[in-house]
Amino acid sequence: MEWVKTKECAREFMVGVAEMTVEFGKGCRDIVKQSLVNEDSFIVKNLGRDSYIGKRLRGPCAKLFAKLSFFNEYLPEDKDPLHAWSVIFFVFLLAFLALYVNFERDPDAPPVKQVFLHPPSASRVVLPDGRYMAYKEQGVSSQRARFSIIAPHSFLSSRLAGIPGVKHSLLEEFGIRLLTYDLPGFGESDPHPKRNLESSATDMAFLADALGVNKFWVVGYSSGSMHAWAALRYIPDRLAGAAMFAPMVNPYDPMMTKEERRRTWNKWTRRRKFLYFLARRFPRFLAFFYQRSFLSGKHGQIDKWLSLSLGSRDKALMEDPIYEEFWQRDVEESTRQRDVKPFVEEAALQVTNWGFSLSDLKLQKRKPTSELLSWLKSMFTETEEYTGFLGPIHIWQGMDDKVVPPSMTDFVHRVLPGAAVHKLPYEGHFTYIYFCHECHRQIFTTLFGTPQGPLSIPVNVNQATLEANIEQQEGVNDDEYATD
């Protein structure tokens, strides 16, 4: 009997809650009617039945409601469909929010590792505009460097990435000095108030000047390649060559054919396509997604954060504890400043106008400004002038890469036929460049040939000191001879 009474009380309680919800909906409706949808309100004048928009939408909406009217058969006969559907929508919204909160706080889920803020540890240089740029140096010293490499990092990364897992012994063997740096607003670098790809190339040149580097190779990986492309465009005289790994280009590039664009976009998830759309049209809305993922203060998986679709080998690499530790430390450094603006800027730079085209990098004869001027130059000079990048460009592309599809590299090779493309069967987006000693050796051998080690430092001895030591030694020998 007690169970029956309890069940009856619960039923009456639920009926009362339902009636109160209906009355609450009616009250909200009356408030909206009295305050927002009276005849003199802005909404009625511009969106009402007699407005221009209302007249245009009246016919299509009437057809849509007519097609959906059969749902009214499932409603109680004594209830107004408008009131009932408003209550149903309100209850559905509450249920969705409850499920969302419950999903976020699942008690059975494993504990999430918190992002740790490490003490500052970077070396920094001061740029001409007063900003500080953080950098990291690996390999041999500047005096012994046979080759210098500068590597801008990709999205959600930092100076700690560089060439992931490259061994110091290998850099020593080839005589390489590897320099990596934090982009503006990332890691320990100060933000740039008006950042673009030209300023990115200029920052790279300033870093090289501050560290005593004249000519250097630029290495671009994934989205970090756009900074390498910018260096090829704006500071070509400073570059000895370029090495690109799964190079990202603007997916909205007008030079892409429909087939190239289709093959590229079909490899991406719907969420990633949506994020690219926001980055191009409404970049400020990206802050909401970023703050709930990699800027939330909790660690997660890169494929979920960036909506990446990965191949089997990439997924296997991500489960490796070595990669996980490296990735988490790199993310902690990248998000050190907890500022969403640099990430929004980086995403917007990727999909908006770069300020140049890849065709500008193509090696071609300079077009004469006037026929008379070109004739006069040909009379006094025998050499021909060229535009574009004169040095070598190497591109490595995994054929199982679903983050930067091979169709992007096909597009680059069509625009820049002089670039050397190395296609890697069965390789994904991460597997070739991450923690692969033999892969790194192959890369350096392709770029620099047979390893010759670092340069030998000549020992400069003062001539006067040398002569004095010789005379002193001769004097000692004469004394010993006289004693004998």
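The protein has 18 helices and 10 strands. Before going further, please keep in mind that this is a predicted model. Buried residues account for 40% of the 484 residues in the protein. On contacts: among those with a separation of 6 or more, 77% are between residues 24 or more positions apart.

I'll start with the core. The largest nonpolar core holds 103 residues. The members that touch the most other members are Phe 216, Trp 229, Leu 232, Val 249, Tyr 290, Leu 358 and Phe 444. Take Phe 444 from that group. Which residues is Phe 444 in contact with, leaving aside neighbours within four places in sequence? The list is Ile 149, Ile 163, Val 166, Leu 170, Leu 171, Phe 174, Ile 176 and Gly 449.

Next, the helix packing. Two packed helices are described by the angle between their axes and the distance between the axes. I have two pairs to show.

From H6, the residues in the contact are Leu 197, Glu 198, Ser 200, Ala 201 and Met 204. They meet Met 226, His 227, Ala 230, Ala 231 and Tyr 234 in H7. Sorted by class, the contact of H6 with H7 has 7 nonpolar, 2 polar and 1 charged residues.

Let me stay with Leu 197 for a moment, which lies in helix H6. Is Leu 197 buried or exposed? Its relative accessible area is 1%, so Leu 197 is buried. Not counting residues up to four places away in sequence, Leu 197 touches Met 226, His 227, Ala 230 and Tyr 234, and also Leu 349, Trp 354 and Phe 356. Leu 197 and Met 226 are 29 residues apart along the chain, and their C-alpha atoms are separated by 7.7 Å.

The second pair is H8, residues 258–265, with H16, residues 406–415. Here the angle is about 150°, and the axes are 8 Å apart. That makes H8 roughly antiparallel to H16. In H8, Glu 260, Arg 263 and Thr 264 take part, meeting Ser 407, Met 408, Asp 410, Phe 411 and Arg 414 in H16. By class, the contact of H8 with H16 divides into 2 nonpolar, 2 polar and 4 charged residues.

Now the cysteines. How many disulfides does the structure hold? There is 1 disulfide. Cys 436 and Cys 439 form it, with their sulfur atoms 2.1 Å apart. The torsion about the S-S bond of Cys 436 and Cys 439 is about 60°, so this disulfide is right-handed. Cys 436 and Cys 439 are both buried.

Where is Ser 456 placed? Ser 456 is in the loop between helix H17, residues 437–448, and helix H18, residues 463–483. Its relative accessibility is 66%, so Ser 456 counts as exposed. Along the chain, Ser 456 and Gln 143 are 313 residues apart, while their C-alpha atoms are separated by 8.5 Å.

Technical notes: Residues are numbered from 1 along each chain as its sequence is written. This is a predicted model: local features need pLDDT of at least 70, side-chain atom pairs count only at pLDDT 80 or more; totals for chains, interfaces and linings use all residues. Side-chain values use heavy atoms; hydrogens and water are left out. Contact means heavy atoms within 4.5 Å. Helices (H or I, at least four residues) and strands (E, at least two) are DSSP runs, numbered from the N terminus. Ala, Val, Leu, Ile, Met, Phe, Trp, Tyr, Cys and Pro count as nonpolar, Asp, Glu, Lys and Arg as charged, and the others, Gly among them, as polar. A nonpolar core is a set of buried Ala, Val, Leu, Ile, Met, Phe, Trp, Tyr and Cys residues joined through side-chain atoms within 4.5 Å. Buried means under 20% relative accessible area, exposed over 50%, partly exposed in between (1.4 Å probe, protein chains only). A disulfide is a pair of cysteine sulfur atoms within 2.5 Å. Axes are lines fitted to C-alpha atoms, for helices over the stretch in contact, and angles run from 0 to 180 degrees between N-to-C directions. Angles under 35 degrees count as roughly parallel, over 145 as roughly antiparallel, 65 to 115 as roughly perpendicular and the rest as oblique.
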